[in-house]
Amino acid sequence: MAAIAVICAPLSIVLGIMVHPFFAVVAIVPAAFLSYEVCGVVSRFLFGKEFIFVSKFGLNTSEEEQTISRTDYVLTFLCTVLAVLGMFLVGEMVDQIRGENVWKW
């Protein structure tokens, strides 16, 4: 996952500058990876437990479902918000470089 994030970060900026600013959507991959790692560190530091991303699509194992706590729900929400904001940040950077206004807030 880290290797894919490292590849997607510059790729999203280059494609956004060279082709179209909408290619900054590719930045969701490194932003999601980074936000997941940040939430994992916060969970270990503040709560002393591993962060479990809560999935509503049945992706969690039965062991994970038994250990999910309220803090995991809060951190899942924060992780998602940080990933989306990271994608918009890259989109805004590409807009500034190209002198366009595709990624409006």
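**Burial, helix packing and cysteines**

Modeller: With 0% relative accessibility, Ser 43 counts as buried. The model is a predicted one.

Colleague: In which helix does Ser 43 lie, and which residues does Ser 43 touch, not counting those up to four places away in sequence?

Modeller: Ser 43 is part of helix α2, which covers residues 28–47. Leaving out residues up to four places away in sequence, Ser 43 touches Gly 48, Lys 49, Glu 50, Phe 51 and Leu 75.

Colleague: How are two packed helices described?

Modeller: One gives the angle between their axes and the distance between those axes. Here, the axes of α2 and α4 cross at roughly 150° and come within 8 Å. The crossing of α2 past α4 is right-handed. On the α2 side, the residues in contact include Cys 39, Val 42, Ser 43 and Phe 47; on the α4 side, they include Leu 75, Leu 78, Cys 79 and Met 87. By class, the residues of this contact are 14 nonpolar, 4 polar and no charged.

Colleague: At what angle do α1 and α4 pack, and how far apart are their axes?

Modeller: Helix α1 (residues 2–18) packs against helix α4 (residues 70–98) at about 35°, and their axes are 9 Å apart. This crossing, too, is right-handed. Ser 12, Ile 13, Gly 16, Ile 17 and Met 18 of α1 meet Val 90, Met 93, Val 94, Ile 97 and Arg 98 of α4. The contact residues comprise 7 nonpolar, 2 polar and 1 charged.

Colleague: Where do nonpolar side chains tend to be found in soluble globular proteins?

Modeller: In such proteins, they tend to be buried together. In this model, the largest nonpolar core has 6 residues: Ala 24, Ala 27, Met 87, Val 90, Val 94 and Trp 103. Not counting residues up to four places away in sequence, Trp 103 touches several residues, among them Pro 21, Phe 22, Ala 24, Met 87 and Asp 95.

Colleague: How many disulfides does the structure hold?

Modeller: A disulfide requires two cysteine sulfur atoms within 2.5 Å. The structure holds 0 disulfides. Cys 39 is in none, and the nearest cysteine sulfur, in Cys 79, is 4.5 Å away.

Conventions
Residues are numbered from 1 along each chain as its sequence is written. This is a predicted model: local features need pLDDT of at least 70, side-chain atom pairs count only at pLDDT 80 or more; totals for chains, interfaces and linings use all residues. Side-chain values use heavy atoms; hydrogens and water are left out. Axes are lines fitted to C-alpha atoms, for helices over the stretch in contact, and angles run from 0 to 180 degrees between N-to-C directions. Helices (H or I, at least four residues) and strands (E, at least two) are DSSP runs, numbered from the N terminus. A crossing is left-handed if the near helix is turned anticlockwise from the far one by less than a right angle, and right-handed if clockwise. Contact means heavy atoms within 4.5 Å. Ala, Val, Leu, Ile, Met, Phe, Trp, Tyr, Cys and Pro count as nonpolar, Asp, Glu, Lys and Arg as charged, and the others, Gly among them, as polar. Buried means under 20% relative accessible area, exposed over 50%, partly exposed in between (1.4 Å probe, protein chains only). A nonpolar core is a set of buried Ala, Val, Leu, Ile, Met, Phe, Trp, Tyr and Cys residues joined through side-chain atoms within 4.5 Å.
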